[in-house]
Amino acid sequence: LSFSKAVIATGGSPSIPQIEGIDTVSYLTNISVFNLTQLPATLGVIGTGPIGLELAQAFQRFGSQVTVFSRSVHVLAKEESEARDLVFESLKADGVRFLFQCEYLSAEHLANGKISLLLENRQTKERSFHVVDQLLVAAGRAPNVRNMGLEVAGVKFSPKLGVQVDDFLRTTNSSIFAVGDCCTSYQFTHAADFMARTVIRNALFFGKARMSALIIPWATYTAPEVGHTGLYETDCVARKIKYTVYKRAFADVDRAICEGDEAGYVKILCKAGTDEILGATIVAERGGDLISEVTVAMQHKVGLGKLAVTIHPYPSHGEAIRQCGDLFNRTRLTPTIKAIFRQLMSMQR
């Protein structure tokens, strides 16, 4: 096989934890779960990331009794605590059961067709069996990089992190590029799409498009949804970036009140003393849709103050974003400016 330029786009596969007997069990993944033709009475879910929680809530609402198992002590480890707490409480209200701090000791297929999991609590060391009709493994994804001969082509990679690329998405072989789950931690269809566009420009049209120029939003499609873009507060602290938080609860937004979905909020982080948006989290029934407005603003360097003077339809959930802009604009009304306004108003009387 000879080529001038090539692209590695092999994607990723479900990551299966090392559990004794797991290979003998007909477990489900986010790929095979959609082949089910019958609703399981009981469903066990290994993993509390986006895929695990999305499917856990869906099956619980379909009528299954779902139990979620986790090695961690909370759900959605990458999200901020307030967001994950709202999602956790929502799933619990639906009837989803949770077992945290689980050590997975073994899995076994029983004679009646059910699946048995032997767990040990990592803190108390107490052991327990849990029997379910179906078991969904949603413990993350791994890049597809093995047994491809990448070493022969001079392409560096690791089984955990995938293909090594630079900011132009070139591999260690300058004639070979890579996109998607095989080379990035942004394991989303929309991220792979825009990475592919970047590679087309760079590989075929002598472009210099950079991966770092992309602002990649994402959403967890639970109820409520969690939409995020840019930096978290923890990122700002780690990078020593001074920031200000502007937050609007949906309990104070008329559209959310009318529809009875007040749970959630819009939180926007700005660089301290400016309206430059650093990141945002939106927890709402349509959080994945709403986050796009903030992403557009960030991508095109539109400040939060300008969002405040952009008319939004009333009543709409998007007003919460504009109202965060109002909160920023109020910070510009310093005591000195207030005094000047009072003087001007008194002169007009």
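The side chain of D181 makes a polar contact with the side chain of R141 at 3.4 Å, a polar contact being a pair of N or O atoms within 3.5 Å, of which, within protein, one must be able to donate a hydrogen and the other to accept it, while residues adjacent in sequence count only if both atoms are side-chain atoms. The model is predicted, so that local features need pLDDT of at least 70 and side-chain atom pairs count only at pLDDT 80 or more, whereas totals for chains, interfaces and linings use all residues. Residues are numbered from 1 along each chain as its sequence is written, and side-chain values use heavy atoms, with hydrogens and water left out.

D181 lies in the loop between strand 13 (176-178) and helix 3, where helices (H or I, at least four residues) and strands (E, at least two) are DSSP runs numbered from the N terminus. T222 is placed in the loop between strand 14 and strand 15, and the backbone oxygen of P224 lies 2.7 Å from a polar atom of the T222 side chain. The table sets out their accessibility and their contacts (heavy atoms within 4.5 Å), leaving aside neighbours within four places in sequence.

Helix 6 (287-299) has 13 residues and reaches 18 Å from its first C-alpha to its last, close to the 18 Å expected at 1.5 Å a residue, the expected span being 1.5 Å times one less than the number of residues. Its buried residues are G287, G288, L290, I291, V294, T295, A297 and M298, and they pack against elements including strand 17 (265-271), strand 18 (277-284) and helix 8 (319-331). Just after helix 6, K301 takes a positive phi of about 55 degrees.

Helix 6 also supplies four residues, the largest share, to the lining of the second largest pocket, and helix 3 (189-204) supplies at least two. Among the lining residues are H190, F194, I216, S292 and Q299, and the lining divides into seven nonpolar, four polar and no charged residues. The volume of this pocket is about 200 Å³. For these values, a pocket is an open set of points on a 1 Å grid over the protein atoms alone, where a 1.4 Å probe fits, with protein on both sides within 12 Å along at least five of seven lines, and lining residues have an atom within 4 Å of a point. The volume is the space filled by probe spheres set on the points, and Ala, Val, Leu, Ile, Met, Phe, Trp, Tyr, Cys and Pro count as nonpolar, Asp, Glu, Lys and Arg as charged, and the others as polar.

Definitions and conventions: Buried means under 20% relative accessible area, exposed over 50%, partly exposed in between (1.4 Å probe, protein chains only).
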